[in-house]
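Reader: I would like a close look at the spaces inside one protein and at the place of its ligand. Please take them in turn and say how each term is defined.

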Amino acid sequence: MTAKITIKKTFKGLLLGAAISASITGAAQAAEVEVLHWWTSGGEAKALGTLRETLQGQDITWKDMPVAGGGGSSAMTVLRSRVMSGNAPTAVQMMGFDILDWGEQGVTANLNDVAKAGNWDAVVPAALKRFAKTNGQWNSAPVNVHSTNWVWGNKAVLDKLGVAVPTSWDEFISAMQKAKAAGLTPLAHGGQAWQDATVFDGVLMATGGVDFYRKALVDLDETALTSQTMEQVFDRMKQLRGLVDDNFSGRDWNLASAMVINGQAAFQMMGDWAKGEFLNAGKVPGEDFVCFRTPGTQGTVTFNADQFAMFQVDEARHDAQMKMASAILSPEFQIAFNTVKGSVPARTDVSDEAFDACGKKAMADLKEAGANDTLIGSMAHGHASPAAVKNAFYDVITAHFNGDMSSKEAVKQLAASVKNAI
Ligand code: GAL
């Protein structure tokens, strides 16, 4: 308790200092937003460009602060050091529990006026609002909804192999074995902890179903964590490990997408930001590539939503910050951004008309999962548990995937390291 209060006071003090020094140069910075984010791939940068252009149209200057690394762990490290040095950016791409954490520190900006004017309470889905608000205060502006239980396939490759879109785990594995026999990489993957964890989201949902996902990844129930089902999840991860190429280690996710795009690989298991890469390469869903839910998970959605958390800035920069928050939730921007990014709108009242086949499916799936209580936060992308627990999952999943650890041992280590992180 005492530690928390001290941290809070320290952050506030630092921010006040920053505000005083910033006000000296305030006029020059008045209409500028500094934006910290991890959208550095081709598709991501193109999507972010729609926000930059929207703001430039309002004479707001964009100061770019990119920190590469999917899942945002590196961006969050940079953010901590910026806040500690009393120099928080205007807006920070952020997800799930991280937003709640910063909201509780008392250093985020209050967006309630903008939210009220834009009717956010009525149009933003409850699953996102839960993270955007603390104690009745809006701290962040939701940009999109992504989900992780997706697979992306090269259409020409599947046609050539005579493979239909797999609907069960066994069909999926047999399709990949066919690809292997034909000399292709069955599964394009980048060996980075967050990518291993992203695959794990889908595998766990496919293996145990939504109740098991909730028990194991959200409730952190020890019986679920140490169950036979969990062991089977790890077995399936090992099965997938045998279907990636030799050079997967450390590869960026968008380079793995490129392997599917250029026909070198059959599939990639990745969130729908991968679609942004296909679109950016001029590819069309249904013609050049297929999108389908991780076999066995249709009807469920493991979601993650990017939001821009706003930090307290000096008076001179306040206006531009509020304009940015307001622009993000406008229906026009939501369409312009999400049709490029591969995600779907963070509002419930946007038509799917402008979206391609995969986008329409994503919107319909989201609606269905919301109604059936099968919409659940992605562990890999910070929507199931706070960062310490997420990192405990990352450590064991990646050690098992990349080493000789048995599934039994992984289950044991997982339960222990989650317990340690709580
Ligand atoms: C996710 C984020 C997506 C995408 C992806 C890869 O965490 O929600 O928007 O950027 O990382 O960078």
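Which helix supplies the largest share of the lining of the largest pocket?

Author: Before the answer, a word on the source: this is a predicted model, in which local features need pLDDT of at least 70 and side-chain atom pairs count only at pLDDT 80 or more, while totals for chains, interfaces and linings use all residues. Residues are numbered from 1 along each chain as its sequence is written, and side-chain values use heavy atoms, with hydrogens and water left out.

The largest share of that lining, 6 residues, comes from α18, where helices (H or I, at least four residues) and strands (E, at least two) are DSSP runs numbered from the N terminus. Both α8 (126-132) and α18 (357-372) supply at least two residues of the lining of the largest pocket. On a 1 Å grid over the protein atoms alone, a pocket is an open set of points with protein on both sides within 12 Å along at least five of seven lines, a cavity is a set where a 1.4 Å probe fits but cannot get out, and lining residues have an atom within 4 Å of a point. The largest pocket has a volume of about 340 Å³, a volume being the space filled by probe spheres set on the points, which are joined across faces, edges and corners. Of its 19 lining residues, Arg-347, Thr-348, Met-363, Leu-366 and Lys-367 lie nearest its centre. By class, this lining has 13 nonpolar, 2 polar and 4 charged residues, with Ala, Val, Leu, Ile, Met, Phe, Trp, Tyr, Cys and Pro counted as nonpolar, Asp, Glu, Lys and Arg as charged, and the others, Gly among them, as polar.

There are also 2 cavities of 30 Å³ or more. The largest cavity holds about 100 Å³ of space, and among its 15 lining residues Trp-38, Glu-44, Gly-71, Trp-273 and His-381 lie nearest its centre. The space taken by the ligand is this largest cavity, a molecule being placed in a cavity or pocket if more than half of its atoms lie within 2 Å of its grid points.

Around the ligand are 13 residues, of which Glu-44, Asn-304, Asp-306, Lys-341 and His-381 come nearest; a residue is near if one of its heavy atoms lies within 4 Å. Polar side-chain atoms of Trp-39 and Asn-304 each lie 2.9 Å from an oxygen atom of the ligand, and for His-146 the distance is 3.4 Å. The protein covers 100% of the 300 Å² of accessible area that the ligand has on its own, by the Shrake-Rupley method with a 1.4 Å probe.

The second largest cavity holds about 40 Å³ of space, and its lining includes His-146, Arg-293 and Leu-366. Here β7 (146-147), β12 (301-304) and α18 each supply at least two lining residues.

Terms used:
A polar contact is a pair of N or O atoms within 3.5 Å; within protein, one must be able to donate a hydrogen and the other to accept it, and residues adjacent in sequence count only if both atoms are side-chain atoms.
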